[in-house]
Amino acid sequence: MAKSNDNGFHSITWEDDHLRVIDQTFLPSREIYTNLNTTGQVWEAIKNMKVRGAPAIGIAAAYGLYLGARDIRESGFESFYLEIERLKEYLESSRPTAVNLQWALNRIMTTIQAHKEKEISELKDIILQTAQTIHDEDERLCKSIGENGLEIVPDEAHILTHCNTGALATSKFGTAFSVIWHAHRENKVKTVWVDETRPLLQGARLTAWELKKEEIPFKLITDSTAGFLMQQGLVDLVIVGADRIAANGDTANKIGTYNLAVLANAHDIPFYVAAPYSTIDLSIENGEAIPIEERDTAEVTKIGSKEIAPAKIEVYNPAFDVTPQHLITGFITDNGLIRPDYKKNLGNFSSREVSMKK
Ligand code: MRU
């Protein structure tokens with residue numbers, strides 16, 4: 001089923017027998033779609049960030065599992081399941097931080113186990129149906145996040161956001177972006193401050209592209225401009241997305257998120273995290289246990305294809321950081337706003353949904 005945004009672009013589409021994704025590495029200069037026919041191609045697309053953003057990589061990985069499952073020749077359940085586990089581990093090795101990827105695959109594993117008496121061909125259909133359910137559900141979750149976030153956006157709001165949390169990063173609407181999108185529809189947004197989000201420029205390349213398409217007023221800033229804006233009283237609130245939220249509320253998100261949270265705290269500005277329940281990982285007690293992906297040094301030494309640093313230097317490139325829960329004003333979720341005590345309130349919220357247990 002094709003899913004388009006109001007402006008007509010499709011970030012992820014299942015087309016009869018393959019996955020079609022917008023290749024985010026070409027944006028904003030070119031809108032190129034690529035077909036993914038195998039688990040390996042999905043792995044590569046996630047690893048190299050053709051598909052990126054926590055919910056989107058969960059959706060893509062779910063379809064990726066089906067693309068591998070359909071070629072399994074085993075006829076007995078146990079051997080079929082072993083092969084599926086192998087594919088799952090492989091897909092999980094693509095990117096470690098966003099829990100949505102593991103969550104989507106675990107959900108499929110649980111569903112397969114619940115239907116173990118079925119024929120293998122039926123199990124393959126069930127895997128595809130579950131991937132489609134995850135895909136469709138994400139759209140509803142993102143819409144609810146946007147609607148639920150309206151109450152924390154003041155009139156004439158100046159909102160600062162980080163990285164890309166829009167329709168590119170999800171099935172539709174986005175997470176933090178969905179709040180902005182819904183607030184704009186209610187005429188509540190004066191402007192959105194979009195930071196570049198070095199090193200891969202998801203803010204400049206992707207969020208600016210989406211905001212422009214949606215005709216939402218925004219200004220692009222460098223990452224280092226945020227403190228100055230806050231000092232001048234030009235930011236009413238910060239809304240970011242999340243890649244993994246630990247049971248106590250500590251939140252992993254794109255590198256630089258922690259800087260913004262500290263700055264917001266110092267200036268008494270509300271700092272919100274918008275995420276669906278699939279981003280909450282109750283199996284992890286606090287942020288210390290969240291795996292932080294380290295990426296290629298070339299992402300730092302180059303902008304696009306241009307070298308910006310001397311050759312043969314040491315570089316450290318963590319893709320995410322962890323914002324401690326005490327810096328977070330609240331979580332905007334598909335089930336409403338969550339305020340502290342996070343340990344208690346996140347647990348109540350997340351446990352109502354599909355079990356996260358492996
Ligand atoms: O490395 P990326 O671009 O996949 O990182 C994305 C983020 O950090 C987003 O803020 C997060 O996944 C939430 S997207 C709705």
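A backbone N or O atom of A54 lies 2.9 Å from an oxygen atom of the ligand, a polar contact, meaning a pair of N or O atoms within 3.5 Å. The protein covers 99% of the 420 Å² of accessible area that the ligand has on its own; such areas come from the Shrake-Rupley method with a 1.4 Å probe.

Before going on, some ground rules. This is a predicted model, where local features need pLDDT of at least 70 and side-chain atom pairs count only at pLDDT 80 or more, while totals for chains, interfaces and linings use all residues. Residues are numbered from 1 along each chain as its sequence is written, and side-chain values use heavy atoms, leaving out hydrogens and water.

| Residue | Part of the residue | Distance |
|---|---|---|
| A54 | backbone N or O atom | 2.9 Å |
| G53 | polar backbone atom | 3.1 Å |
| K254 | polar side-chain atom | 2.8 Å |

Which residues come nearest to the ligand? Of the 18 around it, they are R52, R95, D243, N253 and K254; a residue is near if one of its heavy atoms lies within 4 Å. By class, this shell has seven nonpolar, seven polar and four charged residues, with Gly counted as polar and Asp, Glu, Lys and Arg as charged.

Helix 2 (54–69) and strand 9 (251–254) each supply at least two shell residues. Helices (H or I, at least four residues) and strands (E, at least two) are DSSP runs, numbered from the N terminus.

Now for some backbone details in the loops. The peptide bond from R198 to P199 is cis, with omega near 10°, and P199 lies between strand 5 (189–195) and helix 7 (202–214). Another cis bond, also with omega near 10°, runs from P340 to D341. D341 sits in the loop between strand 16 (336–338) and helix 11 (342–350).

Conventions: A polar contact is a pair of N or O atoms within 3.5 Å; within protein, one must be able to donate a hydrogen and the other to accept it, and residues adjacent in sequence count only if both atoms are side-chain atoms.
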